[in-house]
Amino acid sequence: MNKFISTIKNIISIEELRTRILNTLLFITFFRLGSYVVLPGVDATKLAQKGEGGLLGLLNMFSGGAFNNASIFALGIMPYISASIAIQLLTIALPYFQKMQKDGESGRKKLNQITRVLTIFVTAAQAFTYLQVTIPAEAILVSPWSFRLYSVIILVAGTMFCMWLGEKITDKGIGNGISMLIMIGIVSRFPASLLGEAQSRGMSGALLFIIEVVALFFVVMGAVMVTQAVRRIPVQYAKQVVGNRVSMSGERQYIPLKLNAAGVMPIIFAQALMFVPGLVAQSLADKSEFAQSVAQAFGDFTTWQYNLLFAFLIIVFTFFYTAISINPTQISDDMKRGGGFVPGVKPGEATSNFIAEILDRITLPGAFMLAIIAILPAVASIFGITRGFASFFGGTSLLILVGVVLDTLQQIESYLLMRKYEGLMQSGRVKGRTEAIAQ
C-alpha cells in the first residue's frame, strides 16, 4: 500500500504528467456528457432497447450506451475506425496508397486527411441506416424527413467531435485517444452490470457472486498473458566503422512477434458477419423447417452452432489480419539494409521464410486462445450470469480494456522512469501492445 501511495505522489509531482492526466479526464467528461444528450425531436421514453448480443450490441458497448439512447454521439468513434481499416487495406492493395504510406510524415498526413474525409461519408451512411432501423416512428416528435435530415448532420458532427477528442487526448493527454474513448465507453457499463449481477444473486447467492468476481479476475489475468506474450527473434548487427566513429557496436537486439498480433480485430470482423446466417435463414424460414432451426440457432449467441462458427471465423480472420499487418519480406529487407541478420540464418529470402515460419507457428495457438476468449461470455451466460456482466468475461470488451490499460500504464511508467522514479511495477516493466524492438 505504501508503494502505491508513493507512486501516486510521484505521478502528481511531475507537472507535465499531472497536466496530461487532468486533460484526459476533462476530455473524457465531455465524451460521457455527450452520450446522454438525446437527438432533438426524439422521445427518449419510447426508444426500443437493443440486446447485448450481435453487431448492434457491439456498437452500443463501444459507445457506452449512447447507441441505445439515440444520443448525438450514438455512432461514437466506430465510423472513424471503419474508415481507418478501409484505408489500411488500401495501403496493401493499391500502389498509390502504398507510395503515400512510404512518403514519411507528409504521406501520413495525406492518409490521415483521406481517412477524415472518408469518415464523413461512412458516418452519413451509417447515420441514415441508424435512424431508419433503431428509432421507432412513435418516438419521433417532428416531421420524419426533417428529423432524418438534421439528425444525419448532428450525428456526423458528433462523430467528428469524438474523433477530435480522441486526437486531443493523444496530443494533450495520456494514452491513445481513440482507444481510450472506446475503453471508457466499455468501462462505463461495468458498475451497472456488476450491480445488476449482485442484485440477481441476492443475499442467498452472495458466495456464488464472489466466486464469479474471482473467476473474472483470473480471466483478466489470462487475457493479459495472451496480450503480452511475445516470441523474440534474436538479431545480430555487425560492427560498422564510419571514419573514426563506430555506428554499430555489434550488439544483439530482438524482433518481438506477438502471440496475438491481430489484437481485437478478428473478433470485430467475425462478429460483424455473425448476423448473416441468421438473417438468411430467417428469410427462408417459411419454406423450410431446417431454415427455421438454423435461424433459431444463430439467433442465440449461447448455442454451440453459433459459437463454433464464431470461433472458426475468428481463427480465419486472425491469420488473415496477421498476414496483412506483418510482412516478413519487408522485415528481412529492413534488417539487411541495416546490416542485421538472424544468427544461423542467411540474409534475404531465407530470413523472410524463417520469420514467416515462426509467425505461422505462434499465430495458430494465438488464434485458438483468441477464439476461447471470444466465446467465454457465452459460456458465462450458460452458467446463469447476466448478459451485461458476462460480456466482461471475454470477447471484444475484455481485450480492449486490457490492451488500452497496458498502453496507458506504459506511458505513465515512461514518464516516471525519465524523472528517475521507480516504475509502476516493482517486479518488472510494463509492456504495451506496440512494443518496440527491445535489446
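## Helix H13 and its neighbours

The buried residues of helix H13 (289–298) pack against H12 and helix H14 (304–325). This arrangement belongs to a predicted model. The buried residues of H13 are Ala 291, Val 294, Ala 295, Ala 297 and Phe 298. Around the helix axis they cover an arc of only 165°, which puts them on the same side of H13. Glu 289 and Gln 296, on the other side of H13, are exposed.

## The chain as a whole

Of the contacts with a separation of 6 or more, 71% are between residues 24 or more positions apart. The accessible surface of the chain comes to about 23,100 Å², and carbon and sulfur atoms account for 65% of that surface.

Helix H1 spans residues 2–13 and has 12 residues. From its first C-alpha to its last it reaches 16 Å, close to the 16 Å expected at 1.5 Å a residue. Which residues of H1 are buried? They are Thr 7, Asn 10 and Ile 11. Seen down the axis of H1, these buried residues fall within an arc of 100°, so they line one face of the helix.

The cover over the buried residues of H1 includes helix H2 (15–34) and helix H18 (395–418). On the other side of H1, the residues Asn 2 and Lys 9 are exposed.

A search of the whole structure finds six salt bridges. One of them joins Glu 16 and Arg 20, with the closest N and O atoms 3.6 Å apart.

Glu 16 is partly exposed, with a relative accessible area of 37%. Arg 20 has a relative accessible area of 18% and is buried, because the cut-off for a buried residue is under 20%.

Arg 201 and Glu 197 both lie in helix H9 (residues 190–201), four residues apart, or about one turn of the helix. Their side chains meet in a salt bridge, at 3.0 Å from N to O. Glu 197 is buried, with a relative accessible area of 0%. Arg 201 is likewise buried, with a relative accessible area of 18%.

With which other residue does the side chain of Arg 201 meet in a salt bridge, at 2.6 Å from N to O? The partner is Glu 212. Arg 201 lies in helix H9 and Glu 212 in helix H10 (residues 206–228), so the pair ties together parts that are 11 residues apart in sequence. Glu 212 is buried, with a relative accessible area of 7%. Through salt bridges that share partners, Glu 197, Arg 201 and Glu 212 are joined into one network.

## Gly 222 and Ile 373

Helix H10 also contains Gly 222. This glycine is partly exposed, with a relative accessible area of 21%. The C-alpha atom of Gly 222 is separated by 9.0 Å from that of Ile 373, although the two residues are 151 residues apart along the chain.

## A nonpolar patch on the surface

A nonpolar patch on the surface is formed by Leu 273, Phe 275, Val 276, Leu 279, Val 280 and Leu 284. Together these residues have about 520 Å² of accessible area. Helix H12 (residues 275–283) gives the most to the patch, with four residues.

Leu 284 is placed in the loop between H12 and helix H13. This leucine is partly exposed, with a relative accessible area of 41%. H12, which gives the most to the patch, is also one of the helices against which the buried residues of H13 pack.

Notes:
Residues numbered from 1 in each chain as written. Predicted model: local features only at pLDDT ≥ 70, side-chain atom pairs only at ≥ 80, totals over all residues. Heavy atoms only, no water. Helix = DSSP H or I, 4+ residues; strand = E, 2+ residues; numbered from the N terminus. Expected span 1.5 Å × (residues − 1). Buried < 20%, exposed > 50% of the residue type's maximum accessible area, 1.4 Å probe, protein only. Arc of directions from axis to C-beta. Contact = heavy atoms within 4.5 Å. Patch = residues over 30% accessible without salt bridge, like charges linked within 9 Å, V, L, I, M, F, W, Y side chains within 5 Å. Areas by Shrake-Rupley, 256 points an atom, 1.4 Å probe, with all protein chains shown as cover. Salt bridge = Lys/Arg side-chain N within 4 Å of Asp/Glu carboxyl O.
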